[in-house]
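Work through the exercises below with the sequence and the model open. Try each task before reading its solution.

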Amino acid sequence: MAVYIECLCGKRFQVDPAQVSQFECEGCGRSLTVPKPELAATLEKLRERMKQGEPGMREAMAAAAKIREFHAVPLLKEGAQSGVREAVNTALVALCDLPGPGQEVITEWIGNGMLSVTRLVAALRESKYDKGADFVCTLVAADKLRESHVAEVAPYLGESGTQRALETLKDLRRKYPNLGGILDSALAKLRHLDEGAGTIPDEAKVIPGRQSQREPAARKGCLALLLAIVGVLGTLAALLWQ
């Protein structure tokens with residue numbers, strides 16, 4: 001009996017497990033394995049349940065999130081785009097919670113604009129996903145978030161109360177001094193971890209162009225002091241020759 005397989009790239013296949021156990025996707029070249037009969041049957045039931053209105057979509061996403069396996073990702077992708085808020089939240093969190101293929105989908109969607117960071121953070125908040133801040137910090141560390149994204153995730157990181165969020169926000173404060181107000185506000189919520197959180201780091205106080213303006217002033221002050229010393233020495237010399 002043929003089983004249905006969908007790749008992350010969207011390419012779909014029907015494969016006879018008696019003939020094939022592993023093959024390469026014709027669309028992206030990814031190596032695909034054929035699900036075992038029990039899993040294949042479960043996935044097929046969930047696909048049918050997803051077609052049965054909002055209750056079916058919510059129920060199917062809750063079940064798909066528990067599978068934590070590559071073959072559940074296509075269902076989670078569909079659920080994340082279903083428009084059913086509870087199902088969307090469940091699917092997005094499940095993708096974030098699945099290292100490899102699930103997180104790859106989230107990263108790709110953020111990169112191409114299919115998923116707004118605001119919507120992702122809302123799902124993490126509403127689902128009370130305790131690893132959400134850590135996942136966002138991973139995105140920051142991998143340089144997957146633009147400056148506008150940073151402004152959106154900063155409050156969420158500040159609310160998380162985690163040490164990693166604190167260190168991430170500190171790094172972002174140094175990197176984006178123009179986001180100082182937003183980042184300082186987020187850091188202030190983490191003062192229970194670090195009393196200095198929310199204070200302006202020294203390197204962030206330097207205003208572009210201002211340092212070059214101070215240096216001439218400093219040199220001018222030194223020159224004035226030198227002239228004053230020369231004047232005093234000249235006066236002493238004149239007195240000695242009298």
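Contact means heavy atoms within 4.5 Å. The structure is a predicted model: local features need pLDDT of at least 70, side-chain atom pairs count only at pLDDT 80 or more, and totals for chains, interfaces and linings use all residues. Residues are numbered from 1 along each chain as its sequence is written, and side-chain values use heavy atoms, with hydrogens and water left out.

**Exercise 1. The overall count**

Task: State how many helices and strands the protein has, and what percentage of its residues count as buried.

Solution. 
- Step 1. Helices (H or I, at least four residues) and strands (E, at least two) are DSSP runs, numbered from the N terminus. The protein has eleven helices and four strands.
- Step 2. Buried means under 20% relative accessible area, exposed over 50%, and partly exposed in between (1.4 Å probe, protein chains only). Of the 242 residues, 38% count as buried.
- Step 3. Residues 24 or more positions apart account for 53% of them.

**Exercise 2. The core and isoleucine 106**

Task: Find which residues touch the most other members of the largest nonpolar core. Then list what isoleucine 106 contacts, leaving aside its neighbours within four places in sequence.

Solution. 
- Step 1. A nonpolar core is a set of buried Ala, Val, Leu, Ile, Met, Phe, Trp, Tyr and Cys residues joined through side-chain atoms within 4.5 Å. In soluble globular proteins, nonpolar side chains tend to be buried together.
- Step 2. The largest core has 68 residues, and Met61 and Ile106 touch the most other members. Helix α4 (residues 85-96) supplies the largest share of this core, eight residues.
- Step 3. With those sequence neighbours set aside, isoleucine 106 is in contact with Leu92, Leu95, Cys96, Leu115, Leu120 and Phe135.

**Exercise 3. α4 against α5**

Task: Describe how α4 packs on helix α5 (residues 101-112).

Solution. 
- Step 1. Axes are lines fitted to C-alpha atoms, for helices over the stretch in contact, and angles run from 0 to 180 degrees between N-to-C directions. The two axes are 6 Å apart, at an angle of about 110°.
- Step 2. That makes α4 roughly perpendicular to α5. The classes: angles under 35 degrees count as roughly parallel, over 145 as roughly antiparallel, 65 to 115 as roughly perpendicular and the rest as oblique.
- Step 3. From α4 come Leu92, Leu95 and Cys96; from α5 come Gly102, Gln103, Val105, Ile106 and Trp109.
- Step 4. Sort the contact by class: six nonpolar, two polar and no charged residues. Here Ala, Val, Leu, Ile, Met, Phe, Trp, Tyr, Cys and Pro count as nonpolar, Asp, Glu, Lys and Arg as charged, and the others, Gly among them, as polar.

**Exercise 4. α7 and what follows**

Task: Decide whether α7 is largely enclosed or open, then check the phi of aspartate 143.

Solution. 
- Step 1. Seven of the ten residues of α7 are buried, so α7 is largely enclosed by the rest of the structure. The buried ones are Gly132, Ala133, Phe135, Val136, Cys137, Leu139 and Val140.
- Step 2. These buried residues pack against α4, α5, α6 (117-126), α8 and α9 (163-175).
- Step 3. Aspartate 143 lies in the loop between α7 (132-141) and α8. Aspartate 143 has a positive phi of about 60°, although it is not a glycine. At 52% relative accessibility, aspartate 143 counts as exposed.
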